[in-house]
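Q: Got a two-chain model up here. Can you walk me through it?
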Amino acid sequence: MNNRPKAMLIDITRCIGCHNCDLACKRAHNLPEETEPELSDTSLTVVQERHGRSVRKLCMHCLDPACVSACPVAALQKTPSGPVVYQADRCIGCRYCMLACPFQVPRYEWTRLAPYVKKCDLCAEKIARGEAPVCVEVCPVGAVQFGEREELLAEARRRIAENPAYVQRILGEEEAGGTSVLFLSDVPFEKLGFALPPDNRPLRVLTAGPLQEVPTVVTLGSAVLATLYWITRRREEVALAEEEEKHPHPGLPPRARKREVERS
Amino acid sequence: MKIPTFPKLTVWRVLVALIFAAGLYATVVRFAQGFQASTNLSDAYPWGLWVGLNTLCGVGLSAGGFAIAAAVYILGLERYRPVVRTAIVIAFLGYLTVVAGMLFELGLPWRIWHPIVLWNRSSVLFEVAWCVMLYTTVVALEFCPTLFERLGWPRLQAWHPRILIGLVVVGVLLSSLHQSFLGGLYLITKGKLYPLWYSPQLPALFFLSAIPAGLAVVIMALYLSARSLRAHFDLTIQRELSFVIGLLLALYALFRGIDLISRGGWEYLWMMRAETGWFWLEVGLFVFLPLILLTYPQVRGSPLGLYWTSVIIVMGFMANRLNVAINALQASAGVTYVPKWTEFAISLAVITAAVVAFRLAAIHLRIFPVEEEPAAPLYGAVPSARAFTPAR
């Protein structure tokens, strides 16, 4: 496979709810092999029954992820090939990624004494070897496909055009700046329990503006403070000089006189 | 000779001991059994009381330190010089409680130093971490001369004024940045934070609200110290501070009102929802009640009146920060978060430790504006209890 950005296309109309994917995921990540109803620190992907459909939930692997911008120690990184990966050895456990994620995905090991963040890594190691994520490999009906993002988007558009039953929307094409996990559905996504981002801009832009102003604030701020300080000093000197005129103090210039006053 | 202390000595001591005992127990639970046992935090509510109270309130209520330092050293408002040490000690202890709170709040607290070497310039929290780290250092250095004076290290004390103005300038810049950025942390929660609180102006709102709240803490500390240490302070400073607080609160109210209305927040003001109640409680305590109270000459003129007004302001400020940290996220989280008692116990113990430390500082260091009354020794036998002369 080449180095172009990869993605995963999940077609909710095709899913039969067999749970092969979440169980294979658990095997691959050394987690206890039992199906769970919600994402958790031991369940990086789940299949939920919503509105008569079987709905996968997992990290959306945003193109410009909020968690990556939020993490103070850069423990979360977007790799060029697609996966958003977590370097546990950097993490300080602040959990700001969880607050930042517009899809409400990251989970925390609340029961552990050295807790880490848990989320789908899109089998980044397998992708680096040129393989597909394990959930793709085990799907018996092709409900989840792996490939280049552009090609998968074209495929998704083709399916929507061919079959009017589909909702006219590819979830992940543009949400929060686009994601590397794409969903197709014949039921509106709002009814399927998806947490959806506020708009199609990456959430990073919400904090980028104020952060860009830091150098300006520091430069302008120090200039203003220095000026104010200079004015204050000047006023003191003028006041001292006036004092001097009224009550001359022989032998000492005003500056030295002031120091004298301060010392006494 | 008997050393005068708190009036109801035993009651206070027992209370403090109980708080520390509960805090100690909760600490053991936190570090021996983890978050699950010690908190009600969850994946839907990753940030709770510790962030809201220890970090957001702790930093905000310490804002008096940089505000008064700036007023005295940069603007040359000499009339506030007598309380500059009080404000700096409060800020120093405030930031120590923030750092202590962090050690409970972080999942991997032994890695608290990671932001020093592992950088992410696009993270608001990274900026906050650096600013808090640097400002804690700055405020510690600003506090030094008070300590050197007590320890009798005149050479270090003499060296200090040379760097003081630099420290104050850096302190003001750092404080302005991270007071704002604590609000900036929540910019990324667009769509999650309830519209009565979410605003692109969160950084400015956090900055504007922190200064009056920080000054209110200084008034409270002066009043309580005067009472419990039976000292007589020059209380005209409190009156002047309350005037500044009133102006800043009015400015904040105006700014927040315009911001809210311009973003179409009008309809949210009257919805039959829990958030509406929290909002009105907050602005009632933080803005309306204090502003009304401060119009009365009887309130402005009495230390007790100013003290209670300050208490209300501080409560209103805490309501604001806790609303942002907890209540405004309730609807989007879809679960109710009520802190576990161990969370309260740890927060309370950390705050109590700061109060006890402040009391010790009040007794052993010269941090107050004291009227010269050579006839009646103010603190009895305590050696540092000489009449206050402004530190130059």
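A: A term to start: two residues are in contact if their C-beta atoms, placed from the backbone, lie within 7 Å. The model is predicted, so local features need pLDDT of at least 70 and side-chain atom pairs pLDDT 80 or more, while totals for chains, interfaces and linings use all residues. Residues are numbered from 1 along each chain as its sequence is written, with chains lettered from A and ligands numbered from 1 in the order in which they are written.

Q: How many residues of chain B are in contact with chain A?
A: 41 residues of chain B, against 47 residues of chain A.

Q: Which elements give two or more residues to that side of chain B?
A: Helix 2 (35-38), helix 6 (114-117), helix 7 (124-151) and helix 8 (154-184) of chain B. Helices (H or I, at least four residues) and strands (E, at least two) are DSSP runs, numbered from the N terminus.

Q: Which one gives the largest share?
A: Helix 8 of chain B, with seven residues.

Q: How do the residues on that side divide into nonpolar, polar and charged?
A: 24 are nonpolar, twelve polar and five charged. Nonpolar covers Ala, Val, Leu, Ile, Met, Phe, Trp, Tyr, Cys and Pro; charged is Asp, Glu, Lys and Arg; the others, Gly among them, are polar.

Q: Now chain B itself. How many helices and strands?
A: 15 helices and zero strands. Its radius of gyration is 21 Å, close to the 21 Å the globule rule gives for 392 residues, so chain B is as compact as a globular protein of that length. That radius is taken over C-alpha atoms, and the rule is 2.2 Å times the number of residues to the power 0.38.

Q: And chain A: how many helices and strands?
A: Nine helices and nine strands. Chain A has a radius of gyration of 29 Å, whereas a compact globule of 264 residues would have one near 18 Å. The C-alpha box is roughly 100 × 45 × 35 Å along the principal axes.

Q: What is the strand order in the open sheet of chain A?
A: 8-1-9, three strands with mixed pairing. Strands pair if DSSP finds at least two bridges between them. Strand 8 (144-148) and strand 9 (181-184) of chain A each have a single partner strand, so one side of each lacks a neighbour in the sheet.

Q: How many bridges join strand 1 to strand 8 of chain A?
A: Five, and strand 1 (residues 6-11) runs antiparallel to strand 8 of chain A. A:Met8 stands opposite A:Phe146 there.
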